Amino acid sequence: MLKFDWPTTGNENRLAELENDFESRKISHAYLFSGPMEVGKLTAARFFAQLLICRNQGCGECDDCKLIRANTHQNLTLVDELWIEGVNEDLELLAKKTNFNQSHRTKNPKAKTDTIRIDDLREVLARVNQTSDGWKVFVIHNIERMNREAANFFLKILEEPPQNTTFLLTTSNQSLLLPTIVSRCRVMNFGNVNPTAIDAMLRVKFPNLTEEERNRVVNFSMGKPIRAQRLAENPTVFREFKEYFEKLKNLVEKPNIAEKLAFAEKVSADNLEVQKFLEALAYFLRSFMLTRAKQPVANSRYTPQKLVELIRQLNSTRKLIGGNVNPRLAVESLLLQI
Ligand SMILES: [Zn+2]
């Protein structure tokens, strides 16, 4: 049983560990919330920040809690959405999600991607060095976005942790991180959430969904409660995922080499898309395996051994992409084996 009312679904064991650290006042200097996209790592990190900063156990009602929720508390620094030329240019809007000074990103050379660079971390360090009362928390989302130079700079910050300061870091691809950074963090492994828990969350938060709508949201969410919420809230997101899901199903069930190559080309243009694809495929293959374990199909291309082999290949593809292999070739070779 959890003591606090976490605004997340699933991964209760990890949350219990965090509560335990909090209650026993054994707070690490750095936590790494590691696991698939959209399972609630950032939401959990932010609630943990609230627990640490609020003087009344994350009450949700005091001034500290209100400022934390509005992302304007001076003891909470968030590095989430970054300024990108032509993509994300509204600094005022961004300040709500990433509340350190990022005007340097708008100057020459202007930032063109969401890579976290050394000059971003210099701004973060300036906030680390500011004196303040109470606990200071730095939430940095998807730290695999740091380039090598930034990662080395960040390592130096972690090596000399200031008093009463905690870094809450998230990553959805731990294999891309410097092992020396990981080893300085208490790693909290988050996983996909079981469909029953997602269904229960939807019943409470979206009571107007029909049973059929809810089942489809659960299905497309692929174990990701944050995605389930986005799907339930926004019909456009729902339509996009429906198309994505059908495409993937098609690629697995009706093998067509030309389609696979075209898909690989499209997906590999964007790192996030590659990640989304690998996670979706992993989910697909696992659920395939579970269904087949219950109801074996004679003469199927997908024997249990073949599925296990594919999942193994998929995991090594994730690592290869981390090691700077051409993502398009890696995705192509994976798809061609399906
Ligand atoms: Zn409070």
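Q: What do β3, helix α6 and β4 make together?
A: This is a predicted model. In it, the three make a right-handed β-α-β unit. Helix α6 covers residues 148-159.

Q: How do β3 and β4 run, and how many bridges join them?
A: They run parallel, joined by 5 bridges. Strand β3 spans residues 136-140.

Q: Which residue in β4 is the bridge partner of V137?
A: That is T166.

Q: What about β1 and β4, in what sense do they pair?
A: In the parallel sense, over 5 bridges. Strand β1 is residues 30-34. Y31 stands opposite L168 in β4.

Q: Why is β4 largely enclosed by the rest of the structure?
A: Because 6 of its 7 residues are buried. The strand covers residues 165-171.

Q: New topic. How many residues are in the largest nonpolar core?
A: It has 53. Those with the most contacts inside it are F33, F48, A49, V139, L168 and L169.

Q: Which helix gives the most to this core?
A: Helix α2, residues 41-53, with 9 residues.

Q: And which domains does this core draw on?
A: Domain 1 (12-189) and domain 2 (195-233). At least three residues come from each.

Q: Back to A49. What is A49 in contact with, leaving aside neighbours within four places in sequence?
A: I68, L76, V137, V139 and L168.

Q: What other core lies apart from the largest one?
A: One of 15 residues. Among them are M222, A280, L281 and L310.

Definitions and conventions: Residues numbered from 1 in each chain as written. Predicted model: local features only at pLDDT ≥ 70, side-chain atom pairs only at ≥ 80, totals over all residues. Core = buried A, V, L, I, M, F, W, Y, C linked by C-beta atoms within 7 Å. Buried ≥ 20, exposed ≤ 12 C-beta atoms within 10 Å, placed from the backbone. Helix = DSSP H or I, 4+ residues; strand = E, 2+ residues; numbered from the N terminus. Domains from an automatic or database assignment. Contact = placed C-beta atoms within 7 Å. Pairing = 2+ DSSP bridges. Right-handed = clockwise from strand over helix to strand, strands pointing away.
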